[in-house]
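Q: Could we go through this model together? I would like to begin with how two of the chains meet.

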Amino acid sequence: MKGFLRAFFRNRGALAGLVILALAFLLALSAPLLFPFSPWDMQGAPFMSPGEMGFLLGSDSLGRDVAAGIAYGAPVSLIIGAVSTAVALVIGVSLGAFAGYAGGAVDDAMMRFTEFFQTIPSFVLAIVLVAIFKPSLASIVIAIAVVSWPPVARVARAEFLSLRNREFVQAAEVLGRSRLVIIFREILPNALSPIIVLASLMVASAILLESALSFLGLGDPNRMSWGFMIGAGRSVIRMAWWMSVFPGLAIFLTVLALNLVGEGLNDALNPRIAHRRAAT
Amino acid sequence: MSGVRLLRFLAQRLAKIVVLMVAIVIINFLLIHAAPGDPASVMAGQSGTADERYMQQLRQQFGLDKPLPTQLWIYLKHVAVLDLGKSHRLQRPVADLILERLPATLLLTGTAFVLAIATGIASGAMAARRVGTAADSLITTLSLVFYCTPLFWVGLLLVLLFSVTLNWLPSFGMGTVGANLSGMAAVLDVVPYLVLPALTLGLFYMAIYARLTRSSTLEVADLDFVKTARAKGVDEGRIMRRHILRNALLPVITLAGIQVGHLIGGSILVETVFAWPGIGTLAFEALLSRDYEMLLGVFLCTSVLVMLFNLITDLLYLVVDPRVELA
Amino acid sequence: MSLLAVRDLTIALPIGGDRKHAISGVSFTLERGEILCVVGESGSGKSVSAAAVMGLLPPALKVQSGSIDFAGQDLLRLASADMRALRGSRLGMIFQEPMTALNPLMRVEDQVAEVLEVHGQRAGARARVLELLQAVNLPDPPAIARAYPHRLSGGQRQRVMIAIALALEPEILIADEPTTALDVTTQMQILCLIRDIQKRRGTGVLFITHDFGVVAEIADRVAVMQHGRIVEQGDARTVLNRPQHAYTRALIAAVPHRAAAARPQNDRRKLLELVGVDKVYARGRAAFKAVDNANLVIRQGETLGLVGESGSGKSTLARCVVNLVKPDGGAIRFDDTDLRHLSRRGWTPFRRRIQMVFQDPFASLNPRRRVGDIIADGPIGHGVPRPQALKEARDLLRLVQLDENALQRFPHEFSGGQRQRIGIARALAMRPDLLIADEPVSALDVSVQAQILALLEDLRARLGLTMLFITHDLRVAAQICDRVAVMQRGVVVEQGPTAEVFVRPQHAYTKMLLDSIPGRDWVPPRFDAVSVAASSMAIA
């Protein structure tokens, strides 16, 4: 554990990512403190450029504060990203682990099912799901989870398949341990590393997916979100570039931070590869 | 690989595609029925004009008072003759609209894909060749940046830069409005309109292919047969071309096949930003007007495209990797 | 003047390695027409020396001093283009792992022709390729030429490698453990091939190995390396029969002696009896019989060796006995109970009585659990209270000669030999009647091998264990097995007391196996226990 932490913090990119995430988290928590009004309320004249009239990042076509929008949009992105990833992980790891451990016909069936899901263009399916079940926090989370679980299932299955035949697992069988103990005590802890790395990358793509959905108008109508802000600023980009640029910057920084953390985790959990990256 | 086995393989895969299509149609059907509200109103679209007579017509046509399995059967029959319903907003058959707009989407995604693959592989290989140097850091950083930016935002930024500020390229549409050009002139007219959308869509995937090519090349460079080639006295350039790259590109081909679905989905975003008249804008407009028939039609169409493209990728892989057998 | 003269070569390891230098002050010569064997265990620096001669050192290893003289030039001071011109044409090399040594996407003929093309001999390459494949005794050269590597076996791929290395008739052939990954029969064929070609062309061969039997089989001169230094070198006969350095003596003492002592006849009851056991794997349409009508008897208190090459079915058979693999036919009688038809629950009492030690010390222990838990896990699962199980684990660690504080540590803190000891302790924690050892020493260095074998013998005597010992190495079987069974392609072709089978083999395959033991005519000298003990390494 100590070795892992040391390796992780040695990676400057990962450190930077962690800092950015911490800031985003803080911003999300302190939004009501920093901007003690609803982001939907008009706060002044429309189309004020950044710095004018007390608008830190400008105001939009309805006079709403862009900075406030970004602050209130932070928890939405972070929560949707985290929750949908968690759901996708539960589905994907369960299915993948089951298929990988059981093997044979069960594995075949599961693989076909996963393959089928992967042929469906995921973004289109997400749009269809959210559109039909009416946009809301819940439907968005479920839609994103539904299109995100196949890669997790594949990774979990691959890990379980390879670990099942590893000798220490066979030793546990020969010792007469029960199947449950073998799965949870022997296999799972060793299968976690790639899944953890995948998880952080999945939160990043979940946030991208959520912002794309709200850009198209499929966001939760009661919540301000970064994608929605960009969408709103699209038609007036010639007049008010700040409406689209700043929320996009927020998305970019958050996703970048998550990717950097993910890569840091990967390097820390697989030290061999990290050394090669450093050596010339 | 004998001709007979190849044909059998193709036949099997095409049969699989048909089965998958049916599965998707069934999903469409279930979604219509799972949605909150009366299926007829879902199908008719809820743009406020709940024309009772039209809805009655729909109910009869699709037998919405009959038991579920019968409804499914009727729905399947409709789809089999390519009757995907009618767009309530545009009052035209969905299938016609989709076929009309499909070429534009194919042009956009095709161009973006070629751009992404070519540039991605080239830069990834270059970065791997010069691993640890400034060039490598630059390429890796740029790839990471493009990988983390939302597609629609990049599009808007490019519009901001090249259309609004520099005024070099048009910001929307697919050709000069009103001009009735044909032949070569028409083709050349489209080009400036194609640049920004293709670049937007391509940048994200370029980053993905660059990263994968780089890591794959680095991995392959460590493998034993590269050592063998060195022991033969082969020079580094030839080693990279004949030994490393060929093997390193295998996972890239696989990924490209898997990514197609995302690419097509991404084109929805890009077409929306640039008002590119493809099935993406069709879907967007359908979203705005709650035209679910149209939306599901686009869903079915994109799924079929993905499956066909996967088939092409699999065939390509068969040609490229002699270890893969036709079962 | 020598063909090759390495003088005082010192190569540094990157910071953080387990010592400062990969090799230090290494000097040796290679004459025309002779085979020089460089012997050492893993980490001795033998491969680094070979790579240095070819100019194929990994970028992280830097040459600090010394010279490598070949054909009047110092190879270390040569420009890279000039060195490249020498590689493949005047210096040839073959590597250890044939399965990954060829580009999977290129046909064999293209890969062989490449060495000709690169050195300017494109004309007539196709015909030359076929000649070369013929010269290495490959069957049906035209078919092999057109094939892709994945269609060839390990032995065939290694022959292709030899063809490539010798295509331009180099003066020096460097062979880095070329037979270690091959079956013993294939190994003998490759050794004969190399020796044959070498005699015909007068090539100087630098042959890296860890196996003294191979040295006895082919070497003219020997250099022994330890920790990056040459500790002894000289004429092969001299070093083999009158080794001077303590390490050389220890290595030779560790070689399992082939002479099988006659063991007392065992008339006790049958503990395990296999009757007509079958295991069939369906591969698409073809069915593959991994185990074909196998019959075996193990009596209480004896050690039965199950010997065979890869693909013989010996591991599969062992796994059938412990229910890791479900047999398709026959009976497995343990103490009068047929194990084959037991349910998972029915197996529980037998789990105590039959245990297994595995081959790969790095994969057989869960990296995320402490050693104490690993050993105590089995008994705890069978109802032994945790404190007692841990106390017994402590006793077991002492029994396998490991320190008690190992209980708290994780597997990655231990060496290969130590991990095998932990694996043995884990198996013994259940107090089994029958211990199945699946190639328990194959992945270990020779000196460590000897220690583990000695430990197993000792435990067997002390605890009255019955053992089923699986191995591909006949010399090991000769050392510790009372009786031996030979398997080929799933069939048990011969069974009997070890001494009998070795001296009067009945089956043709057994004869071939015995003939394939490298250095079978060499009898390793025995040393008195004192001198060996004084110089032997710490418990590894």
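**Chains C and B, a sheet, and confidence**

A: In this predicted model, chain C places 24 residues in contact with 18 residues of chain B.

Q: Which elements give two or more residues to the side of chain C that touches chain B?

A: They are α2 (80–86) and α3 (108–118) of chain C. The most comes from α3(C), with 3 residues.

Q: And how do the residues of that side divide into nonpolar, polar and charged?

A: On the side of chain C that touches chain B, 13 are nonpolar, 7 polar and 4 charged.

Q: Turning to the sheet in chain C, in what order do the strands come?

A: The order is β6-β7-β8-β3-β9-β10 (chain C), an open sheet of 6 strands with mixed pairing. At its edges are β6 (91–94) and β10 (229–235) of chain C, each pairing on one side only. Neighbouring strands are turned by 15 degrees against each other on average, direction ignored.

Q: How many bridges join β6(C) to β7?

A: There are 4, and β6(C) runs parallel to β7 (residues 172–176) of chain C. Ile94(C) stands opposite Ala175(C) in β7(C).

Q: Which strands does helix α1 of chain C lie across?

A: Helix α1 (residues 46–54) lies across β3 (35–39), β6, β7, β8 (204–209) and β9 (221–226) of chain C. Its direction is at about 145 degrees to β7(C).

Q: Now chain A: which of its elements has the lowest mean pLDDT?

A: That is helix α11 (residues 271–278) of chain A, at 43, whereas helix α7 (residues 167–174) of chain A has the highest, 94. Chain A averages 88, and 96% of its residues score at least 70.

Q: Where does pLDDT stay under 50 in chain A?

A: Over residues 273–280 of chain A, for which the model has 6 contacts beyond four places in sequence. Where pLDDT is low, the predicted coordinates should not be read in detail.

Definitions and conventions:
Residues are numbered from 1 along each chain as its sequence is written. Chains are lettered from A and ligands numbered from 1 in the order in which they are written. This is a predicted model: local features need pLDDT of at least 70, side-chain atom pairs count only at pLDDT 80 or more; totals for chains, interfaces and linings use all residues. pLDDT is the predictor's confidence in each residue, from 0 to 100. Two residues are in contact if their C-beta atoms, placed from the backbone, lie within 7 Å. Ala, Val, Leu, Ile, Met, Phe, Trp, Tyr, Cys and Pro count as nonpolar, Asp, Glu, Lys and Arg as charged, and the others, Gly among them, as polar. Two strands pair if DSSP finds at least two bridges between them. Axes are lines fitted to C-alpha atoms, for helices over the stretch in contact, and angles run from 0 to 180 degrees between N-to-C directions.
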